[in-house]
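Please examine the structure shown below.

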Amino acid sequence: MTALLQVRGLSKAFGGVQAVRAVDFDLKPGELLAMIGPNGAGKSTCFNLINGQLQPDAGSVRLAGEEMIGLTPRRIWRLGVGRTFQIAAAFASMSVRENVQMVLIAHHRRLRALLPSAAALYRDEAMALLEQVGMAGQAERACGILAYGDIKRVELALALAAAPRMLLMDEPTAGMAPAERKALMALTASIVRERGIAVLFTEHDMDVVFGHADRIMVLDRGQKIAEGEPEAVRADPQVQASYLGS
Ligand code: ADP
Ligand code: MG
């Protein structure tokens, strides 16, 4: 199958630290690919190179064949590379529904110019998204007063509101209790599979990784040391030695 995302020779150093070195991988349409590796392995740097927050020293990132290196984060987002955003303090006083509507409006910006009352049009779409993530019952509450796990659900709805072709999720369940992180990841997996959205994600909980990933790649000191289906990666001696630790 043709890759949706094609990463080749991706490299980035910070001063003397080679954070990412010549990383290659493909993400296929609709696939859930986990990137794992110890702290400092270069996972977040990879994500930030793909989403445009950082510029690489070398390498290529193509989305459906189109080079994205050099494009702004906003342009990359508009091309369909979604990511989870933390809800900014400025939006904390707005309701959950209004936050989702804002993203819907930003995504359909041409319509906004034509229709001053566009916000109302997106109410139903926002509510449908909130229904999917289990937050419809709290749609009118201010984001700022939500429980931590509920904020994570709203952040998922915000990411989906931009109708992404793929999602970058760097530790989407960070800070959650084990049961909660399993539930959020199961919800995320079922939604993206239903919509055919490809996902590249990092996650510390190996139960979550092995439970949901179609494929896993392992980074160690900036380098890809293994890649494959979960059982093959679990059995890889180099992965056992450097990371899974058994
Ligand atoms: P991971 O997400 O896998 O924990 P990171 O990509 O955050 O790893 O970090 C990879 C390496 O790059 C680490 O050694 C880290 O200290 C370094 N690093 C990351 N971001 C920066 C930065 N902005 N400035 C300097 N060093 C950085
Ligand atoms: Mg990280």
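By class, the shell around ligand 1 contains four nonpolar, six polar and one charged residues. In this classification, Ala, Val, Leu, Ile, Met, Phe, Trp, Tyr, Cys and Pro count as nonpolar, Asp, Glu, Lys and Arg as charged, and the others, Gly among them, as polar. The model is a predicted one, in which local features need pLDDT of at least 70 and side-chain atom pairs count only at pLDDT 80 or more, while totals for chains, interfaces and linings use all residues. Residues are numbered from 1 along each chain as its sequence is written, and chains are lettered from A and ligands numbered from 1 in the order in which they are written.

The shell around ligand 1 is formed by Phe 14, Val 17, Ala 19, Gly 37, Asn 39, Gly 40, Ala 41, Gly 42, Lys 43, Ser 44 and Thr 45; a residue is near a molecule if its C-beta atom, placed from the backbone, lies within 6 Å of it. Two or more residues of this shell are given by each of strand 2 (17-27) and helix 1 (43-50). Helix 1 provides the largest share, three residues. Helices (H or I, at least four residues) and strands (E, at least two) are DSSP runs, numbered from the N terminus.

How is the protein divided into domains? The assignment gives domain 1 (1-80 + 164-246) and domain 2 (93-162), and such bounds come from an automatic or database domain assignment. The centres of the domains, taken over C-alpha atoms, are separated by 26 Å. To their contact, domain 1 contributes 11 residues and domain 2 contributes 10 residues; two residues are in contact if their C-beta atoms, placed from the backbone, lie within 7 Å. On the side of domain 1 that touches domain 2, the largest share, five residues, comes from helix 8 (residues 178-195). That side of domain 1 has eight nonpolar, two polar and one charged residues.

Axes are lines fitted to C-alpha atoms, for helices over the stretch in contact, and angles run from 0 to 180 degrees between N-to-C directions.

| Helix pair | Axis separation | Angle |
|---|---|---|
| Helix 3 (residues 96-107) and helix 7 (residues 148-161) | 8 Å apart | about 20 degrees |
| Helix 3 and helix 6 (residues 123-132) | within 9 Å | roughly 115 degrees |
| Helix 7 and helix 8 | within 11 Å | roughly 15 degrees |

Angles under 35 degrees count as roughly parallel, over 145 as roughly antiparallel, 65 to 115 as roughly perpendicular and the rest as oblique. Helix 3 and helix 7 are therefore roughly parallel to each other. Their contact involves Val 96, Asn 99, Val 100, Val 103, Leu 104 and His 107 of helix 3, together with Val 154, Ala 157, Leu 158 and Ala 161 of helix 7.

Gly 149, Lys 152, Arg 153, Leu 156 and Leu 160 in helix 7 meet Glu 180, Leu 184, Thr 188 and Ile 191 in helix 8. By class, four nonpolar, two polar and three charged residues take part.
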